[in-house]
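Good morning. Please have a look at the sequence and the structure while I talk. I will keep this short.

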Amino acid sequence: MAGVVMKDIRKAYGQVKVLHGIDLDIKQGEFVVFVGPSGCGKSTLLRMISGLESITGGEMYIDGQLVNEVPPSRRGIAMVFQSYALYPHMTVYDNMAFGMRIARESRDEIDRRVRSAAEILQLTPYLDRLPKALSGGQRQRVAIGRAICRDPKVFLFDEPLSNLDAALRVATRIEIAKLKEQMPDTTMIYVTHDQVEAMTLADRIVVLSAGRIEQVGAPLELYERPQNLFVARFIGSPAMNIIPATVTGTGEATMVSMKGGKSVRVPVATGTSEKGKAASFGVRPEDLSVATGEDYLFEGRISIVEALGEVTLLYIEGLADREPIIAKIPGILDVTKGETIRFSADPRKLHLFDAEGKTFRI
Ligand SMILES: Nc1ncnc2c1ncn2[C@@H]1O[C@H](COP(=O)(O)OP(=O)(O)O)[C@@H](O)[C@H]1O
Ligand SMILES: [Mg+2]
């Protein structure tokens with residue numbers, strides 16, 4: 001099975017350690033997305049799978065074979081980069097055929113693969129064009145087509161859409177989603193810092209930070225059940241609000257140090273609910289709602305209103321000396337800057353983290 005298995009993968013450039021032991025088991029046909037802040041090691045890890053970067057420690061298996069010392073050309077992978085690097089003097093057809101000609105494939109086989117890739121990527125009408133006569137999105141599709149022609153077992157993408165403008169990015173993302181449907185047996189590993197790409201394309205997301213895996217899970221699993229503060233803040237936009245809290249007894253925790261904050265009972269796992277322990281609540285902007293009665297969580301002054309039509313973002317100040325809390329309310333709201341407003345949230349939607357940032361609610 002053409003999965004990718006990593007065992008304690010490490011990377012150092014001289015004395016500088018970049019990856020600190022990555023364990024990951026990617027199944028054949030899975031679409032896995034690596035996300036994380038710039039510099040966390042996403043590209044390095046992808047390049048180590050491809051063979052473009054040497055492996056300092058650990059074991060890398062592709063299709064069951066240990067590939068640590070196997071050159072890129074023999075790993076059965078194809079890679080698509082941010083910059084598509086097409087040959088400017090060659091037609092779309094020739095750009096896609098080039099690698100196969102070098103590999104001395106037969107003319108018929110080359111033609112079959114180029115036409116099949118062009119069909120998948122809706123490039124058939126453009127096969128005779130030169131790259132300069134294509135849009136950025138079409139050029140990137142040619143680069144993807146060139147990779148498909150190699151008939152890879154594992155497809156690697158490093159931020160393939162980040163050079164495209166917003167509209168083309170959306171269109172090309174949808175093409176990649178279709179590609180995944182049409183190549184169900186091909187393992188795909190995709191690096192991005194774009195949340196929407198990660199959430200919409202991935203079967204599983206791997207969240208990386210500073211050379212370590214923070215969490216691996218299905219997109220909505222990460223959204224609904226982040227294991228720690230890093231993942232909680234990284235997945236979702238605007239980011240989850242974090243509010244200081246104190247555990248007040250077994251089986252509950254109460255919000256503190258927030259002017260206008262009420263206590264709220266949140267069920268917590270037994271054994272982790274020592275009284276007096278510092279903790280923090282997390283509440284997503286979209287899980288806050290405007291409260292009308294006395295049954296509210298906290299109140300605060302609106303410092304900024306961002307009316308986007310489909311949603312209104314409210315920035316709330318006056319809650320101790322912390323950053324503003326952001327609430328995301330559906331639709332258009334009749335509120336003005338400076339007003340004091342009350343919010344409530346379903347306690348089941350509250351997240352709870354201990355002093356080390358680990359989740360401890362049930
Ligand atoms: N060739 C190199 N030599 C030294 N350090 C490098 C090299 N390539 C990458 N790094 C460092 O490794 C870290 C991870 O880089 P990278 O994998 O490119 O991050 P990402 O793709 O997540 O933005 C960064 O701190 C970067 O500076
Ligand atoms: Mg990178």
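This is a predicted model: local features need pLDDT of at least 70, side-chain atom pairs count only at pLDDT 80 or more; totals for chains, interfaces and linings use all residues.

Start with strand β3, residues 31-35. Is β3 enclosed or open to the outside? Of its 5 residues, 5 are buried, so β3 is largely enclosed by the rest of the structure. Buried here means under 20% relative accessible area. Both faces of the strand are covered. On one side you find F31, V33 and V35, and on the other V32 and F34, all of them buried.

Which strands pair with β3? One is β8, residues 187-191, which runs parallel to β3 and is joined to it by 4 bridges. Another is β9, residues 204-209, also parallel to β3 and also joined by 4 bridges. Take V32 as an example. In β8 its bridge partner is I189, and in β9 V32 stands opposite R204.

Now the rings. How many aromatic pairs are there? The count comes to 6. One of them is F230 with F234, a stacked pair with 5.7 Å centre to centre and 10 degrees between the planes. The two residues are 4 apart in helix α8, residues 229-234, which means about one helical turn separates them. F230 counts as partly exposed because its relative accessibility is 26%.

Back to F31 of β3. Ring pairs link F31 with F155, F157 and Y190 into a cluster.

The charged end of R284 sits over the ring of Y223, 4.2 Å from the ring centre.

How values were computed:
Residues are numbered from 1 along each chain as its sequence is written. Chains are lettered from A and ligands numbered from 1 in the order in which they are written. Side-chain values use heavy atoms; hydrogens and water are left out. Rings of Phe, Tyr and Trp (its six-membered ring) pair if their centres lie within 6.5 Å; planes under 30 degrees apart count as stacked, over 60 as edge-to-face and the rest as tilted. Buried means under 20% relative accessible area, exposed over 50%, partly exposed in between (1.4 Å probe, protein chains only). A charge sits over a ring if NZ of Lys or CZ of Arg is within 6 Å of the ring centre and within 35 degrees of the ring normal. Two strands pair if DSSP finds at least two bridges between them.
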